[in-house]
Amino acid sequence: MEIRNLILASGSPRRKELLEQIGIMPVISPSRIEEVVTSSVPEQVVLELSSQKAEDVMSRCPVGSVVLGADTVVAIDGMILGKPKSHGEACEMIRRIQGRSHQVHTGVAILLKEETGLRQKHFTVKTDVMVFPMTEEEIREYGESEEPMDKAGAYAIQGRFAAYIQGISGDYSNVVGLPVGRVYQELKALLENREDESHD
Ligand SMILES: Cc1cn([C@H]2C[C@H](O)[C@@H](COP(=O)(O)OP(=O)(O)OP(=O)(O)O)O2)c(=O)[nH]c1=O
């Protein structure tokens, strides 16, 4: 199924590339929201933030638009690791996740604006990631590089950090920022329905 004119409410180059990988060329329109969360449960947090991003962009879009927002966090022992604010914080995050497993949660919100109102899909996808033990030298060298700086949990599985990945259980693309298989299936269901309705 060809999906045209999808608006991606994200400035993440990884999300754009993942959509392009499955043949969807999105229009990029990053949201400008101040991220506000009312929960500390990872699934809840990513649902709230992905919805806020998509709703913010949709508020400026005409009827017929399809907007996708997403948010990714790393969770370990019930604690959420977002993006590090400094190299020191990046090193702390890496020290925490090395030698064990953690979870990556991505929340996705897909909104379709119709004459009669909004139709929407909201879901979260979880991937377990196992990281090899790292030496203090490896932690510092990686934490002080630029790679961790705009990444949840201070690492990029698609980058140099691949050297320390022991394995994953779940969807790889979800760790990079967007579970594209699930996204495609949900988009297909949402848009097929729209076509059905237009034939009524
Ligand atoms: C764990 C992990 C995260 N990431 C990235 C994906 C996301 O871009 C980022 C998490 O930050 P997000 O706040 O989810 O997204 P963003 O700020 O990059 O973009 P926007 O808010 O405009 O949608 O971390 C990787 O690239 N590789 C990884 O292995």
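Predicted model: local features only at pLDDT ≥ 70, side-chain atom pairs only at ≥ 80, totals over all residues.
What volume does the second largest pocket have? The second largest pocket has a volume of about 200 Å³. Here a pocket is an open set of points on a 1 Å grid over the protein atoms alone, with protein on both sides within 12 Å along at least five of seven lines. Grid points are joined across faces, edges and corners, and a volume is the space filled by probe spheres set on the points.

Residues are numbered from 1 along each chain as its sequence is written, and side-chain values use heavy atoms, with hydrogens and water left out.

Stay with the second largest pocket. Lining residues have an atom within 4 Å of a grid point. There are 11 of them here, and the closest to the centre are Glu 2, Ile 3, Arg 4, Leu 191 and Arg 194. Helix α6 (residues 180-199) gives the most to this lining, with three residues. Helices are DSSP runs (H or I, at least four residues), strands are runs of E (at least two), and both are numbered from the N terminus.

Now turn to the largest pocket. Its volume is about 690 Å³. It is lined by 34 residues, and Arg 15, Lys 53, Asp 71, Thr 72 and Lys 83 come closest to its centre. α1, α2 (42-58), β3 and α5 each give two or more residues to the lining. β3 gives the most, with five.

The ligand sits in this largest pocket, meaning that more than half of its atoms lie within 2 Å of the pocket's grid points. Around the ligand are 20 residues, each with a heavy atom within 4 Å of it. Ser 10, Gly 11, Arg 15, Lys 53 and Lys 83 are the closest. β3 (66-76) is among the elements that supply at least two residues of this shell, and β3 gives the most, with three.

Polar contacts (pairs of N or O atoms within 3.5 Å) come next. A polar backbone atom of Gly 11 is 2.7 Å from a ligand oxygen. For Arg 15, a polar side-chain atom lies 2.8 Å from an oxygen of the ligand. An N or O atom in the side chain of Lys 53 is 2.7 Å from a ligand oxygen. The protein covers 91% of the 600 Å² of accessible area that the ligand has on its own, by the Shrake-Rupley method with a 1.4 Å probe.

Technical notes. Polar contact = N/O pair within 3.5 Å; in protein donor to acceptor, adjacent residues only side chain to side chain. 1 Å grid on protein atoms, 1.4 Å probe; cavity = no way out; pocket = protein on both sides within 12 Å on 5 of 7 lines; lining within 4 Å.
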